Amino acid sequence: MLQINKLCKRYGKFQALNNLDLSIPKGEVFGFIGPNGAGKTTTMKIICGLLSATSGEVYVDGIDAIKNKKEIKRKIGYMPDFFGVYDNLKAMEYMEFYASMYGIVGDGARKTCRELMALVNLSDKEDAYVDGLSRGMKQRLCLARCLVHNPELLILDEPASGLDPRARFEVKEILKNLSSMKKTIIISSHILPELAEMCTSIGVMERGHLVINGSIDDILMNAKGSSPLHIQIVDNQETAIRLLKENPAVEKLSIRNDEIIVSYMGTEQDEANLLKQLILNDVAVSGFVREQGNLENIFMELTGPKQKEAV
Amino acid sequence: MKINPILNKEMKIGARSIKMPLIVMLLNSILAFIVILFFYAYGQVMTSSGIDLYSLRSVVRIFKILGWVEICFISVAVPIFAASSISGERERQTLDIMLTTSAKPMTIIVGKLTSSVLTILLFIVSTIPVLSLSFVYGGSVVNKVFGLIAILMVAILYFGSIGILTSSFCRNSIGSIILALVFEGLLVFGTLVVLGLIALVVELIWQIKDLKGTADLGYTWLLLLVNPFVTFYEYISKATGGNAEILREIIDTNAPGMEWILKNWLFISCGVQILLSFLNLKLASVAIRRTRGQKVKKKNKKSKKNQPVEEATN
């Protein structure tokens, strides 16, 4: 659905995007992660035609998005990270206004807008003024607005930012619903656990680069391998420390009361062997567990100081 | 009939705003106050001097005053409405969303301009009853009042297009309004200042060369065609019984063709200003395009045509 080749964007001396390559198949829910200024919004704006690229190619459903801006507009629904509303305009009028911007007018437009308002659970707010809606409702209304022309690709920049847990849950449910409609969705967000729940694949951006990109399961699996091992020792801690220091797969270890936290690079089989060795050497082990991989850890690891030095 | 979506939205929002009736009330109150004051002052002079001042020729002078008040109102109100239209969308962060829709930049610009023009026109039309008071002692009300509205409409379009142009490349509304007022100032006063300076230089050359007669500015006078206040002056002077060739008294030139231009000044200047308005709108649409980055580097344009996506995604 989306193919980006060697995309570069320069603002004066600042390189916002540096040879970005990305491909997102149809029906995918892609999570864009990265610290502020990493280039997520710039990428999204270039895809939508709101910014020009310094160099590179963007294809949306096989159409060159840089050359054929007019054609791709019908394929993309864009929701910016912040959107303003108009005073004195009702929710239904807001929807109909954007429908008319796509040339959808009359009864057809009204019917589509009604359906979309129902999809985002705002049917009872059709006659409410937009500026009087809560932030969560405005966010849902904006989401409905994105869908008014039935786009194939949805680009959502921070759709859940500034929302309370209930409103975030509602937005998440709508996105799940849209995903089941086979829409390709690109979401940028800082709320990483939610992205892990919603997305089928993710890409982590740092300083205009895509540092990691792939299916969420693969990335979490890889992350698990680099997560620390937590070993609870009841007795004979000295022997345990000696054995761990002798083990070539142990990179470093730290001790917290009766728990030893180990940076362990071995496989699952190595882990089993280590546990066996500890028990055979009379170490009383009450807990032996590998920390679960999560997006937050991946994010911190990939965008932390070490990574910045490497870049 | 398909109505411009921006115009439709703006009209809905405008109609619900308290600003509109307030401005209508304020403008009409000012004009009515001027009319009352004028008639009162005339009455006082007539009582003390015993001269009948309520002759047709004397009373229509109030039409001139009201006309000038209206054009001054337009020159201030139009930039406030038009120059904040697109920059206002930018400030609200709704312009980006608009630009991702199928609507062309020109549709956005025309919608914004039309809504500003119609709003100001509503204010002007609301003053017709007050304007008509000028002809309470006789005279062709319909011709003169509607002639005035037609001239004011050209000025609204002209000033509006300047406002839209500044609005399309200014980031904030205040900057856009100030810039529009500066542009207007250049057109209204700048053209007069430039002409004055040119006249001084030509006069100097005339004296150095020891030529007889007065210095002739020739086609330089055409600069005044872009000045809406000169167009208005020409109309209002004629409408209130002034010289049929009022500009001929000011513009003294023997340049070929100028005689005809001076005779048809009103139509020519209106034509020039309408043409410049369209040029301003075209420039505004280019400015919006540039904002959203249609200017793509040549290197990019040479890039391979529609690369197969499926191949890359699999």
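Which residues line the second largest cavity? They are C48(A), I72(A), K73(A), I76(A) and T100(B). This cavity holds about 30 Å³ of space. Its lining divides into three nonpolar, one polar and one charged residues.

The model is predicted: local features need pLDDT of at least 70, side-chain atom pairs count only at pLDDT 80 or more, and totals for chains, interfaces and linings use all residues. Residues are numbered from 1 along each chain as its sequence is written, chains are lettered from A and ligands numbered from 1 in the order in which they are written, and side-chain values use heavy atoms, leaving out hydrogens and water.

On a 1 Å grid over the protein atoms alone, a cavity is a set of points where a 1.4 Å probe fits but cannot get out; a pocket is an open set with protein on both sides within 12 Å along at least five of seven lines; lining residues have an atom within 4 Å of a point. A volume is the space filled by probe spheres set on the points.

Now the largest cavity. Its volume is about 40 Å³. Among the residues lining it are P159(A), I187(A) and M198(A). Helix α7 (residues 192-198) of chain A gives the most, three residues.

The largest pocket has a volume of about 680 Å³. It is lined by 25 residues, and E10(B), I13(B), K19(B), F81(B) and R92(B) are the closest to its centre. The lining has eight nonpolar, 10 polar and seven charged residues.

Conventions: Nonpolar A, V, L, I, M, F, W, Y, C, P; charged D, E, K, R; others polar. Helix = DSSP H or I, 4+ residues; strand = E, 2+ residues; numbered from the N terminus.
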